[in-house]
Amino acid sequence: MKELVAQQRQFFNSHTTKDISFRIKQLTSLEDVLNDNIELLDRAIYNDFKKSSFENYMTEIGIVLYDIKQAKKKLTRWSSKQRVKTNLGNFPAKSYIIPEPLGVTLIISSWNYPYQLSLAPIVAAIAAGNTIILKPSEISSQTSGVMASILNEAFNPNFLKVIQGGVQETTELLKQKFDKIFFTGSTTVGKIIYKAAAEHLTPVTLELGGKSPVIITKDANIKMAAKRIVWGKFLNAGQTCIAPDYLYVDAQISETLLKALTKEIEKARYSFENDNYVQIINERNFDRLAALLDPSKIYYGGHTDKAQRYIAPTLLHDISFENPIMQEEIFGPILPVLTFTDLNEAVKNVQLLPKPLSCYVFTSSEQVKNKIIKEISFGGGAINDTIMHISNPNLPFGGVGSSGFGSYHGHAGFNCFSNFKSILDKPTWYESSLKYAPYTQKKLAIIKKLLKNQ
Ligand code: NAD
């Protein structure tokens, strides 16, 4: 690993990756590799957790291909020198900002959207002109295996290399000096990554998780809310970092909402056979989730099958913040419903929990929308929808507080892998004597005036 990092550094120092045409060529290669191997990619993700080719395209490969297209189109503009105003004290001069790549980067990803969470940061890192080592999750072993085989064959390892492995390999990688670490995963491991990065003062982006609330007020369109919540929650069997974690609903409409949610779940006919439902990724997560199914709280669903790692879409009711299900991120197809009678109180209760990655509000009131956005701190979210904010590349995607820091997607992804070099460019035909000794009261008066007025 030490040698690989050294080779990538040498390659980076050759300035090859700084050429825009090189970056576009690499993005095109990535596009070709994905298009040429779509069947292999489909099979691997199906073998990992029965994710269908439809969902593989909609939530993984299609998103990455779109990202590549955007980056190819916009990267010349993103990487160009930006002129900014020069202040009077520096007259005469030009001032500009030049985005430059950070260097050798490490991307560590998680298993739940194994392609998207590995390849979208790669697109951003390539667009910004870096070299990349990708360490995908060992838990989604088939998808990690296929990414390693196709990417390691298509790319020069001095530019892009996939290293497979778990804790041991990642720990070894983290001993090396990188110029950027981009991590997607749990808050617990995020802390390990941050500590390791601190040893080398390496900048990090941490894309972590948390409990993303959905607040529903009594003036909401309940039918539409139920439809969009059910889709966002049971997509990927709830194994989505921005999935609605819990519903917090006005007590007056909770029964109507529970009925509407039930109707939507039944309408969707979630099953492996219908290609719209996936397995729980492994036995460990299955056992963790099954333990959260308190029979006295089940409103709908609750059926499990350990051999198939199947947990039915489940609604829990009569839940309070003290229940075990409210103590950790659920990351599975179980949706607890809590109720409130006073929105101010509800907002206060959400504020007591760590800052979530996402927050959703279903309401028709502008006042409620504004209140939630102003009073709750969260990474990003949606009004009258769930999940979909992630699909707009013009919205930077990331967390805040325990749900992480830094953001990516679109231009934000390019920025995340760039340093912005600030340059003051001065001609030599004139130099003011103001800053030079002898210091006089007259000079000081001019300096004061300049600083006040510019
Ligand atoms: P994880 O933290 O267990 O693993 C993530 C990566 O870290 C994997 O590549 C793994 O090999 C590595 N890793 C695990 N233990 C390590 C250790 N001790 N030292 C070094 N590396 C280690 O997370 P996960 O189970 O893969 O993913 C689930 C979590 O990720 C959830 O909390 C979810 O919300 C979050 N997540 C966040 C986003 C986001 O974009 N913010 C996206 C997906 C998932």
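Reader: Does Gln-8 count as buried or exposed, and what is its relative accessibility?

Author: Happy to take you through it, with one reminder at the start: this is a predicted model. Gln-8 has a relative accessibility of 0%, so it counts as buried; the cut-off for that class is under 20%. The residue is part of helix α1, which covers residues 2-13. Setting aside residues up to four places away in sequence, Gln-8 touches Val-104, a group made up of Thr-131, Ile-132 and Ile-133, and a further group made up of Pro-157, Asn-158, Phe-159, Leu-160 and Lys-161.

Once neighbours within four places in sequence are left aside, its contacts are Thr-86 together with Leu-424, Asp-425, Lys-426 and Pro-427. Ser-118 is 25 residues from Ala-93 along the chain, and their C-alpha atoms are 43 Å apart.

Now to the wider layout. The chain is split into domain 1 (2-208 + 404-420) and domain 2 (213-392). Between the C-alpha centres of domain 1 and domain 2 there are 31 Å. Where the two meet, 15 residues of domain 1 are in contact with 20 residues of domain 2.

The largest nonpolar core holds 113 residues, and the members that touch the most others are Ile-122, Leu-151 and Ile-216. Helix α5 (residues 116-127) provides the largest share of this core, with nine residues. Both domains take part, since at least three residues of this core come from each of domain 1 (2-208 + 404-420) and domain 2 (213-392). For a view from one member, look at Leu-151: not counting residues up to four places away in sequence, it touches Leu-30, Val-33, Leu-119, Ile-122 and Val-162. There is also a second, separate core of 18 residues, with Ile-163, Phe-178, Phe-183 and Ala-196 included in it.

From the packed parts we can turn to the empty ones. Rolling a probe the size of a water molecule over the atoms shows where empty space is left. The largest pocket contains about 1,400 Å³ of space. Its lining is made of 48 residues, and nearest the centre are Gly-185, Ser-186, Thr-187, Thr-188 and Val-189. Four elements each supply at least two lining residues: α7 (167-174), β6 (180-184), α8 (187-199) and α11 (283-290). Helix α8 gives the most, with six residues. Sorted by class, the lining of this largest pocket has 21 nonpolar, 17 polar and 10 charged residues. Domain 1 (2-208 + 404-420) and domain 2 (213-392) each contribute at least three residues to that lining.

The second largest pocket has a volume of about 370 Å³. It is lined by 18 residues, and those closest to its centre are Gly-89, Asn-90, Ser-432, Leu-434 and Leu-450. Its lining consists of 11 nonpolar, four polar and three charged residues.

Searching the whole structure turns up two cavities of 30 Å³ or more. In the largest cavity there is about 90 Å³ of space. Of the 13 residues that line it, Asp-67, Val-123, Ala-124, His-409 and Gly-410 lie nearest its centre. Helices α4 (53-78), α5 and α14 (410-416) each supply at least two residues of this lining. By class, the lining of the largest cavity has eight nonpolar, four polar and one charged residues.

The second largest cavity holds about 50 Å³ of space. Its lining includes Gly-210, Lys-233, Gly-238, Thr-240, Cys-241, Ala-243, Pro-244 and Asp-245, and also Glu-329, Ile-330 and Phe-331. In terms of class, these divide into five nonpolar, three polar and three charged residues.

Technical notes:
Residues numbered from 1 in each chain as written. Predicted model: local features only at pLDDT ≥ 70, side-chain atom pairs only at ≥ 80, totals over all residues. Heavy atoms only, no water. 1 Å grid on protein atoms, 1.4 Å probe; cavity = no way out; pocket = protein on both sides within 12 Å on 5 of 7 lines; lining within 4 Å. Points joined across faces, edges and corners; volume = space filled by probe spheres on them. Nonpolar A, V, L, I, M, F, W, Y, C, P; charged D, E, K, R; others polar. Domains from an automatic or database assignment. Core = buried A, V, L, I, M, F, W, Y, C linked by side-chain atoms within 4.5 Å. Buried < 20%, exposed > 50% of the residue type's maximum accessible area, 1.4 Å probe, protein only. Contact = heavy atoms within 4.5 Å.
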